[in-house]
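Here is a short report for a reader who meets this structure for the first time. Please look through the sequence and the model before reading on.

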Amino acid sequence: MPDLLVTSLSGLRAYQGALATTSHNIANVGNEDYTRQRVELDTRPPIRQGSAFFGQGVDLVNVQRIVDEFNTANIRELTSRSTRLEIYASYASRVENIIADENASLMPALDGFFNALNDVANDPSADAPRVALLGAMEQIEHRFQSMGTELQTIEQEVDSRVLFEVEDINAITTELAKINEAIVVFTDFNKRPPDLLDKRDALLKQLSEKIQVTVVEQADGIQNVLVGTGQLLVSGTVSNTLVAQQDSAQPDRLAVSIQSTAGAVEITGSLVGGELGGLLDFRNNLLDSAQNRLGRTAIALAETMNAQHVQGYDLEGNLGANMFSTVSTGPLQGMFGGDYLNNGFSTGDVVSFDLEFDGRTVSVSHTVLATDTNEDIADALLSGINGIDADANVTDNGDGTYTLAGTTAGISLTFELYGSNIQFESAGGPSPVDHNLTITNMADSGLGDANIELFPLGSSSTRFSNGVATVGTPAVFVGPITTAINNQNNTGTADVYFSITDISSLNISDYEVRYDGVNYNVVRLSDNFVEDSGAAGPFTAGGMQITTTGVPAIGDSFYISPTKLGAVGFTSLLTDSSQIAAASPVRATSNINNLGSVEVSPATVTDTLNGDLASTVNIYFDPATPGTFDVIDVASGFRLQDDVVYFDGITVNQNGWQVQLKGAPQNGDILTIEENTLGVFDNRNALLLAGFRSQGVLDSGNTTFEQSYNALVSDVGVQTQQSSINLQVEESLLQSATDRRESISGVNLDEEAADLIRFQQAYQAMSRVIQTSQELFQSLLSAV
Amino acid sequence: MRVSTALIHMQGVRNMQQKQADLLRSHDQISSGKRLLSPSDDPSAASRIIDLKEAINQITQLDENANYAIQQLNLEEVTLDSSNLVLQRVRELSIQAANTGVNNLQSEQAIASEVREKLEELFDYANTKDENGDFIFSGFQSKQQAFTTDGNGNYSYNGDEGQLSVQIGSNRQVVASDSGAEVFQKIRTGNGTFAVDANSTNGGTARITTGSVISTSQYQAHDFRIVFDEVSPATTPTSYTYSVYDDTLATGVPILAAQPYSDGAAIAFNGIEVEINGDPVDGDIFTVEASRYQDVFKTISDLVGHLEAPGTGDVRGVIGGDFINNGFDNVAGDSVAFDIDFDGVNIPGVTVAVGVGNSNTVIAQTMLDAIGTAAGVAVNTDGSYTVPGTTAGVSVTFRRVGDNVEFLTTGGTLTNLNSLQISNLADAASDAVLDISGSGNSVSTQTTLDASVAGDSATYLTGAPHRSYLSQQIDNALNNIDRVMDNIINVTTRIGGRLNSIDSQRVENESKSVHLETVRSDIEDLDLAEAISNMTFQTTALQAAQQTFVRVQNLSLFNFL
């Protein structure tokens, strides 16, 4: 016979445990990581007495977690996905706010700029619209810079967050390794401490918020945590640390690598999900493209406006200067010379100097004659006996231009006469040997007072070290050149240089020049397309000219970010309202004594760098050959074009301008094209500048500035919208998974209350059994 | 399904949060009045809005440009209207002056002075400045005064042919200014193709008509001269022939030689036709030149000059008379002497030796030959003599015509009048008398020169304008003024056309702008009624969620333990 007392005692103990567990459940009702626990009761083995088996009571065999492991894994994955989207969407909407704010975005400034240009065009001689235009230019500068800077701030913030995330991840994985260690002690699969398992699940969920992980459970209860493409973050009781360090290709940002006993492996590219994955995604997909798009718009605006502005005449009758500056663009371009006769080139002096470019030295000298004009001197310096043309590396192209071949294949510098100056322009990209043009070793046999003036030219970003070269003081034209970033892992000695030369092909992708052991490959990173390749530069890709120098090693790479800094570097250069070049440099008139009805269209400029642009030229209908006209340089009387057959509507090109003739000429009629001196009411250049508002400039002339900026807004808008829609989807998925978890593992107070009542009743009943047992005993005793 | 206590709580909170978020969004929408609050609300719509706003902004600016162009063109139009009124008055005055029958020198002077005032007024209009101090008729060089004068009737244009274009449509520019050259300077003289004129020294009363082109294919822009010659031997009445020379080719050979002249008959050559009316005299010259550009100021200034000037430069006169009956004794013989003064050249004591029985013709020839013997006198192939003056290019040529000696100065100008003086006539009997008369537009101070009067001298001057010549000049001036007025009316019409096209462009811009604004508003703006009703609904929903939450939270079994 079983002992009644023993049986009831077992019951008391069991229900005490059950009550304790219920109380534990109730106590943890507010703990969201808690999994409700249930006691497992088991009947004690019966005792056989005779033919009957008697039960011996109950045993509390286990306290069980009620959990669905698959759902837990699902929640982890959904958590990673939604935290990734959460951080992505929050940063995306910050970028969106920067670029789409009605007042702070680029559009009001861009509109203001073009409106101001229109106002200048309406009243080109008045000062007020010009001052307003300067203000509008500053406004554009301010917008570009502040938007660029804000994006940079976000980039830095993302970087420092990456650092924090990595630290958090390391803290969590260390903890996880410790819990693994604690759990492995309990070898029985069914007897693991449920609260420890809860703790591990909670840590894994926290980790999933940071980064998407894969959890693999071993038979001994240890959970290994894998990240990226299978790198072990937690391996048994050991955790591997993540390290955030400078990216080897782009040192201005952080990359993540995993540190294990085998060494460090960079895994930035394979990290997905979680806050860290979201940050990296945002940086690569949205921020980079936003910065590049904004930068490209800035560069395009600066370059386009500059290129047109330098074709005009300002109020003082000088060719326009650059309106804006941004990143270095264009070829090496400029001119030197000046007013020689007043600059120490005295009669009888032998003046000599050297020109240095791309490893070449061209020695030039000239003996000043009493009859020399400034133009004669410039001519002699360019193509005289001891002129530039005399150098063995210089080719006479036959059209007044002379080309110096550099020591680097494909790179050259072409010289041309421009009034009393010698103008030059490089081709083939930035010279890797010496991209500058240096005027040095100047000597003057006379008083030693000769000097040469330097003028940067054109839409390029060519600058100079000092305005004059004198005896003893060389001067340098510093060409626009940017050095591609050497990958930190490069082992070769090569360098890569680039300069933006063609706005219409400039795109928003970054580029990488990779050396494969035989060839350099210029890779467009947006789609990994190889745009150009070869054993050495110059290369052309994405509107850039790229040159190389030195000896590369296999696997070396060079990072090119052509547009990223366009916006932050955007500056307005004009300070004086009279510098705005609203006029065209030339004008056309018909002679007052003309008998015929021939008329000439306003001259348009086709080449501002033509040295004869401002020369006065007559179109003369020579009576000697009726029906034809000659184009005559008035100063020299030289016939530039002879006996051109006239027809109504004929276009005449000369000296960098173009005119159209209409009507019926009579013999002896004269049309004159001359420098537009005092032409303060001329707005032709301002109209052309203003016309760029609705003119395609980017993407082979298909995209206007407004469209380019609009593309940025809609790109960011779409990404923000998508990330927030996806976030909603993921959140609701996570929500239902969490609901499921709650439904399985959550504590229901009513249920616990009911349990409480149930177990209390059982306990009370057990107590009653003991009392009964005692009464039985008493009755037995009294019976004795 | 099993429900945990936390789940009930979480879902209640989530519901309320969702409803609060909706409410906040409605609140933002209503307070900003916009349906779309950020591009991510609807990226394609946001991109459309930027495009639309940019387009609207551009149109607004184009409208401002158009306003500016209108302002500029209105100023020009007003100026041109005023100029036209001035020209109208000049034209009236010219017609008045042309009525030579009733005018005298005094009335002509009065007309001249009014025309001069009008000229100055017109000159001021041509130099109109806009509110910025820019000369509106100086082309690109708006800080240069458009027209200046040297004070001697010569005007120059200091601007250029630049015109200001204003952008009024996205692909449309309108010209908002006209150069002074176009308005006031580049005006063809005559009929626009060629201009006729009478030589200032013409002695006859013939005048030439404006003429017209009858064959454009034959027409060449050359300069021609029609020269009249008296038919020799003389007929009664005297008849004339004319020859036409091409001065551009300057071959010296007439293209039409010795054509008989009949009053008013068409003279046709070079694809053109002109008429000459009236009575020419031998040597009269008419010119038919390809039209040149002549500025309006020169036209009016010349007119004033002709009205004001006493003469037209060259001096022409006759010395002679009935010698035999005027004390030139051909019975006993006589020696008559006189002095000639011309442009600083003094020919003293021209002595005419009158032989016994000399006829008047012989005496006249003797007188001519006597002049020819003076120092520095050149003999011409036709037997005439030329005396050069001290001024380069100024000379006087003497020849005999019938019984008289005639002379003609050349090279004189309006400002450099060359008179010819004859004085100190003397003969043995002190009874010689010379008949003195100017011809053409020249007058002489005396009709006779008398040897009996000591110190008697006669001066030939360019006299009051030759009536026919003045009429011809007034005709020409009227012609030119009409062409100027035509030109100004053309320019004004063009301005009107531009203003019209600006108007139509503005209407187009306006309707485009309204359309774009409607589209933008449809995309971007909020339907306020709908939004407010939404918000009311959302408020109710939130309240319901809150009440439900509180109710459900209150339910617990523990309440009953």
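How many bridges join strand E10 (residues 254–260) of chain A to E11(A)? Four bridges join them, and the two strands run antiparallel.

Some ground rules come first. This is a predicted model, in which local features need pLDDT of at least 70 and side-chain atom pairs count only at pLDDT 80 or more, while totals for chains, interfaces and linings use all residues. Residues are numbered from 1 along each chain as its sequence is written, and chains are lettered from A and ligands numbered from 1 in the order in which they are written. Helices (H or I, at least four residues) and strands (E, at least two) are DSSP runs, numbered from the N terminus.

**The two chains**

Chain A has eleven helices and 43 strands. Its radius of gyration is 42 Å, well over the 28 Å that the globule rule gives for 784 residues, so chain A is more spread out than a compact globule. Chain B has eight helices and 25 strands. The radius of gyration of chain B is 45 Å, against 24 Å from the globule rule for 561 residues, so chain B too is more spread out than a compact globule. The radius is taken over C-alpha atoms, and the globule rule is 2.2 Å times the number of residues to the power 0.38.

The table gives further values. A residue is buried if 20 or more other C-beta atoms lie within 10 Å of its own, exposed if 12 or fewer, and partly exposed in between; C-beta atoms are placed from the backbone. Boxes hold the C-alpha atoms, along the principal axes.

| Chain | Box | Buried residues |
|---|---|---|
| Chain A | roughly 165 × 55 × 40 Å | 47% of 784 residues |
| Chain B | roughly 180 × 50 × 40 Å | 38% of 561 residues |

Two residues are in contact if their C-beta atoms, placed from the backbone, lie within 7 Å. Among contacts in chain A between residues at least 6 apart in sequence, 68% join residues at least 24 apart. For chain B, that share is 65%.

**A helix of chain A**

Helix H1 of chain A covers residues 4–27. At 1.5 Å a residue, its 24 residues should span 34 Å, and the end C-alpha atoms are 34 Å apart, which agrees. The expected span is 1.5 Å times one less than the number of residues. Buried residues of H1(A) include A:Thr7, A:Gly11, A:Ala14, A:Tyr15 and A:Ala18. The buried residues of this helix pack against strand E1 (37–43), strand E4 (58–65) and helix H11 (749–783) of chain A.

**Two sheets of chain A**

Two strands pair if DSSP finds at least two bridges between them. One open sheet has three strands in the order E9-E10-E11 (chain A), with antiparallel pairing. Strand E9 (241–246) and strand E11 (263–266) of chain A are its edges, and each pairs on one side only. Neighbouring strands are turned by 35° against each other on average, direction ignored. A:Ser260 has A:Gly263 in E11(A) as its bridge partner. Helix H4 (residues 127–184) of chain A packs on the sheet and touches E9 and E10 of chain A. Its direction makes about 160° with that of E9(A). Axes are lines fitted to C-alpha atoms, for helices over the stretch in contact, and angles run from 0 to 180 degrees between N-to-C directions.

Another open sheet has five strands, ordered E15-E14-E20-E24-E22 (chain A), again with antiparallel pairing. Strand E15 (360–367) and strand E22 (463–464) of chain A each have a single partner strand, so one side of each is left without a neighbour in the sheet. Five bridges join strand E14 (residues 350–357) to strand E20 (residues 437–444) of chain A. A:Asp354 stands opposite A:Thr440 in E20(A).

**Where the chains meet**

47 residues of chain B are in contact with 53 residues of chain A. Helix H1 (5–32), helix H2 (43–98) and strand E3 (165–169) of chain B each give two or more residues to this side of chain B. H2(B) supplies the largest share, 13 residues.

**Two residues of chain B**

B:Ala258, in strand E10 (residues 256–260) of chain B, has a positive phi of about 45° although it is not a glycine. B:Asn270 lies in the loop between strand E11 (266–269) and strand E12 (272–277) of chain B. Its phi is near 55°, also positive. B:Asn270 counts as buried because it has 21 C-beta neighbours inside 10 Å.
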